[in-house]
Amino acid sequence: KAEERFQSSLLSAMNISKAYGEKTVLSRCCARIHQGDRILLTGHNGSGKTTLLKILLGIELPDTGAVCFDGEQIAFCLQDEPDVTLSMRAFADEMAAAGRIDSARFERLVDAFGIADCMDQRPSDCSEGQRKKFYLSLAFACPSNLLLLDEPTNHLDPDSVAFLLQLIQDWKGALLMVSH
């Protein structure tokens, strides 16, 4: 049974270390995420939580160690998403055309988060809350069995937090969420 669980991991990180100059933020970190796991990663600012997520996603390289995943698409929403030069609508349309998101589900999420009126703007032209709702909508519209969320409630109003918590509760796949 333990061997099946080892082989069935969606994502594995082995001996991950990362330093920025003299500051080591991760030292020989190991983790496995399996289908159905619900993981909350907490810690102080600067303790390496976001760095770990970026390494798991392949956005940053570790100084040592390796990350393996099962090849499925990973959905995510980071604290600081990259700015895109397209409007949010055009960006979502490109993601849908590439098969990265379910456009009908995305539209329902945009409506539920109340950001339909700003979809013709670039993310950088919107408030932090609108941007967060946009990137959360993309993440939850992604056909995935693993969802990584970094401080997902930042910049959200109480109604949006309640909606997000319902989305998380209804999520059928594995979840790794970072919070303070």
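F140 is buried, at a relative accessible area of 1%. Buried means under 20% relative accessible area, exposed over 50%, and partly exposed in between (1.4 Å probe, protein chains only). F140 lies in helix 5. Helices (H or I, at least four residues) and strands (E, at least two) are DSSP runs, numbered from the N terminus.

This is a predicted model: local features need pLDDT of at least 70, side-chain atom pairs count only at pLDDT 80 or more, and totals for chains, interfaces and linings use all residues. Residues are numbered from 1 along each chain as its sequence is written, and side-chain values use heavy atoms, leaving out hydrogens and water.

## Aromatic pairs

The whole structure holds five aromatic pairs. Rings of Phe, Tyr and Trp (its six-membered ring) pair if their centres lie within 6.5 Å; planes under 30 degrees apart count as stacked, over 60 as edge-to-face and the rest as tilted. F140 and W171 are edge-to-face, because their ring centres are 5.7 Å apart and their planes stand at 90 degrees. W171 sits in the loop between helix 6 and strand 7 (174-179), so the pair ties together parts that are 31 residues apart in sequence. W171 counts as buried, at 10% relative accessibility.

Ring pairs also join F91, F106, F134 and Y135 into a cluster.

## Helix 4 and its partners

Two packed helices are described by the angle between their axes and the distance between the axes. Axes are lines fitted to C-alpha atoms, for helices over the stretch in contact, and angles run from 0 to 180 degrees between N-to-C directions. Helix 4 and helix 5 pack at about 150 degrees, with axes 9 Å apart. On the helix 4 side, the contact (heavy atoms within 4.5 Å) uses R105, F106, L109, V110 and F113. Helix 5 brings K133, F134, L136, S137, L138 and F140. These residues divide into eight nonpolar, one polar and two charged. Ala, Val, Leu, Ile, Met, Phe, Trp, Tyr, Cys and Pro count as nonpolar, Asp, Glu, Lys and Arg as charged, and the others, Gly among them, as polar.

Helix 4 (residues 103-113) also packs on helix 6 (residues 158-170), at about 145 degrees with axes 10 Å apart. Here R105, L109, A112 and F113 meet S160, F163 and L167. Five of the contact residues are nonpolar, one is polar and one is charged.

## Nonpolar cores

The largest nonpolar core has 32 residues. Such a core is a set of buried Ala, Val, Leu, Ile, Met, Phe, Trp, Tyr and Cys residues joined through side-chain atoms within 4.5 Å. F106, F134, L136, L138, F140, L147 and L149 touch the most other members. Helix 5 gives the most to this core, with six residues. L136 touches C77, F113, L149, P152, L156 and L164, not counting residues up to four places away in sequence.

A second, separate core of 20 residues includes I16, V25, L53 and L78.

## Backbone and loop details

Most residues other than glycine have a negative phi. R28, not a glycine, has a positive phi of about 50 degrees. R28 is in strand 2 (residues 23-34) and counts as exposed, at 63% relative accessibility. E151 also has a positive phi of about 50 degrees. E151 lies in the loop between strand 6 (146-150) and helix 6 and is buried, at 3%.

R122 is in the loop between helix 4 and helix 5 (128-140). R122 is partly exposed, at 33%. R122 touches V84, T85, L86, S87 and M88, not counting residues up to four places away in sequence.
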